[in-house]
Amino acid sequence: MQEYKGIPIVRNPRRKTLGLYISLGGRPEVRCPYRCPDEKIMEFIDSHADWVASHTAKNAAPAATMSVPELNMLGQEALKEIAPRVRYYADLMQIKVRRVTFKLMKSRWGSCSSDGNISLNILLMLAPVKVRDAIVVHELSHRVHMNHSRDFYEMCVKYFPEYWECEKWLKSHGKEVLARAYD
């Protein structure tokens with residue numbers, strides 16, 4: 001992978017613009033169109049040096065990672081606390097769920113398969129209760145809309161009116177929570 005000033009450069013043929021992001025590990029990275037000239041990327045990084053410095057400093061000292069026994073305990077707690085919320089919202093939304101599993105996920109809060117299986121990240125236990133519920137409603141809404149369309153989001157908000165507030169919380173704190181499980 002190409003880098004400039006220690007910042008990885010991720011090229012994507014479908015991307016149309018340059019963007020700076022903070023990766024799960026707290027490092028900045030540039031995402032750009034596949035054929036973007038190196039000079040343009042370097043100029044872009046240089047022009048955002050203050051942003052890179054401030055975001056790198058914010059992410060320099062993440063919370064301590066959790067041990068395997070702590071993660072196992074978190075999984076048991078998720079089973080006791082989040083599984084009943086899945087049943088509650090599935091009944092409320094009149095949605096059938098085949099199976100609910102909890103596992104440690106590196107970059108996702110949950111997933112829903114087309115045959116009705118829902119997987120949820122055990123790290124949700126480190127998020128506020130309403131954020132957990134928002135994720136549950138999000139995944140259940142995928143049983144009706146297997147996409148992120150307007151109808152999908154309308155369904156999320158219909159059954160969980162604080163949905164967008166919880167999305168903001170995840171954007172602000174989600175990477176920090178996910179980083180608790182990985183060095």
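Among the elements of the protein chain, mean pLDDT is lowest in helix H2 (residues 49-58), at 73, and highest in helix H5 (residues 150-159), at 97. The model is predicted. Its protein chain averages a pLDDT of 88, and 91% of the residues score at least 70. Where pLDDT is low, the predicted coordinates should not be read in detail.

The protein chain holds six helices and seven strands. From the N terminus on, the order of elements is β-β-β-β-α-α-α-β-β-β-α-α-α. The C-alpha trace spans about 55 × 40 × 25 Å along its principal axes. Of the 183 residues, 42% count as buried. Among contacts with a separation of 6 or more, 50% come from residues 24 or more positions apart.

An open sheet is built from four strands. Their order is S1-S2-S4-S3, and the pairing is mixed. Strand S1 (2-4) and strand S3 (19-22) stand at the edges. Each has a single partner strand, so one side of each lacks a neighbour in the sheet. From one strand to the next, the twist averages 35°. S1 and strand S2 (residues 7-12) run antiparallel and are joined by three bridges. Across this pair, Tyr4 stands opposite Ile7 in S2.

Helix H3 covers residues 68-93. Its 26 residues should span 38 Å at 1.5 Å a residue. The end C-alpha atoms are 35 Å apart, which agrees with that expectation. Gln94 follows H3 and has a positive phi, near 55°.

Which residues of H3 are buried? They are Leu71, Leu74, Gly75, Ala78, Ile82, Ala83, Val86, Tyr89, Ala90 and Met93.

Leu92 and Tyr159 lie 67 residues apart in sequence. In space, their C-alpha atoms are 8.1 Å apart.

Definitions and conventions
Residues numbered from 1 in each chain as written. Predicted model: local features only at pLDDT ≥ 70, side-chain atom pairs only at ≥ 80, totals over all residues. Heavy atoms only, no water. Pairing = 2+ DSSP bridges. Helix = DSSP H or I, 4+ residues; strand = E, 2+ residues; numbered from the N terminus. Axes fitted to C-alpha atoms, helices over the stretch in contact; angles between N-to-C directions. pLDDT = per-residue confidence, 0-100. Expected span 1.5 Å × (residues − 1). Buried < 20%, exposed > 50% of the residue type's maximum accessible area, 1.4 Å probe, protein only. Contact = heavy atoms within 4.5 Å.
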